[in-house]
Amino acid sequence: MKRTILTIALGIVFTTLTIACGKNIPPQTDPATTEKQFESSSEESSTDTSETLRKIETDDQALSAIKNYCIANNPELEDMVKSGDYTIYWEIESSTDNEIVVLFRSYTGAELRYYIDSVSGDTYVTEFVKGITDGEQRTEETFNALDYVDEK
């Protein structure tokens, strides 16, 4: 009995998904209207393209973005760096066409790695604390590094 009910329920779900994902055929339109829509669509896409082309192109941009992010979230950090009393640094740990990893060594001794998708700017963070954690552990911290890139 349970198997029959489950089979019927799965059949309904499958049918609903199949219908929902069906092909949408746009209604026929007047050619003049279509041409106007195409022109306005082209204008919009050229604006969207310039926004899409914005990306982190160099290691220096990535490094600067992460420094800016860290200082924005902890303003005292800038004075700590200037004082020279703490071991604090940022460095590029690895860099490929698609991903840049920036290592931040905090004054606490923690090593935070910022994994940046160089095209989208999406960034996630891992943390490693020697003697406390076994290795890198991903945190819940995410942001877009493009928001912290210096515009020149």
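How many bridges join strand β3 to strand β4, and in which direction do the two strands run relative to each other? The legends below take up this question within a predicted model, beginning with the whole chain.

**View 1. The whole protein, with its helices and strands.** Four helices and five strands make up the protein, and, read from the N terminus, they follow the order α-α-α-α-β-β-β-β-β. Of the 152 residues, 24% count as buried, while the protein exposes about 11300 Å², of which carbon and sulfur atoms supply 53%.

**View 2. The open sheet of five strands.** The strands lie in the order β1-β2-β3-β4-β5 and pair in antiparallel fashion. Strands β1 (residues 89-95) and β5 (residues 137-144) stand at the edges with a single partner strand each, so one side of each is left without a neighbour in the sheet. On average, and with direction ignored, neighbouring strands of this sheet are turned by 25 degrees against each other.

**View 3. The pairing of β3 with β4.** Strand β3, which covers residues 111-117, is joined to strand β4, which covers residues 122-128, by six bridges, and the two run antiparallel. Within this pair, Arg113 stands opposite Thr126 of β4.

**View 4. Helix α3 against the sheet.** Helix α3 packs on the sheet and touches β1, β2 (residues 99-105), β3 and β5, and the direction of the helix makes about 140 degrees with that of β1. Ile66 is found in this helix, which spans residues 59-73. Is Ile66 buried or exposed? Ile66 counts as buried because its relative accessibility is 0%, which lies under the 20% limit used for that word. Leaving out residues up to four places away in sequence, Ile66 touches Trp90, Val102, Tyr114, Ile116 and Phe143. From Ile66 to Thr123 the separation is 57 residues in sequence, yet their C-alpha atoms are 9.7 Å apart in space.

**View 5. The largest nonpolar core.** This core has 24 residues, and those with the most contacts inside it are Ile56, Ile66, Trp90, Val102, Phe104 and Tyr114. Helices α3 and α4 (residues 76-83), together with strands β2 and β3, each supply at least two residues of the core, and α3 gives the most, with six residues.

**View 6. The surroundings of Phe104.** When neighbours within four places in sequence are left aside, Phe104 is in contact with Cys70, Leu77, Ile88, Tyr89, Trp90, Ala110, Glu111, Leu112 and Tyr114. Two of these partners, Trp90 and Tyr114, are also touched by Ile66.

Conventions. Residues are numbered from 1 along each chain as its sequence is written. This is a predicted model: local features need pLDDT of at least 70, side-chain atom pairs count only at pLDDT 80 or more; totals for chains, interfaces and linings use all residues. Side-chain values use heavy atoms; hydrogens and water are left out. Buried means under 20% relative accessible area, exposed over 50%, partly exposed in between (1.4 Å probe, protein chains only). Accessible areas come from the Shrake-Rupley method with a 1.4 Å probe; for residues, only the protein chains shown count as cover. Contact means heavy atoms within 4.5 Å. Two strands pair if DSSP finds at least two bridges between them. Axes are lines fitted to C-alpha atoms, for helices over the stretch in contact, and angles run from 0 to 180 degrees between N-to-C directions. A nonpolar core is a set of buried Ala, Val, Leu, Ile, Met, Phe, Trp, Tyr and Cys residues joined through side-chain atoms within 4.5 Å.
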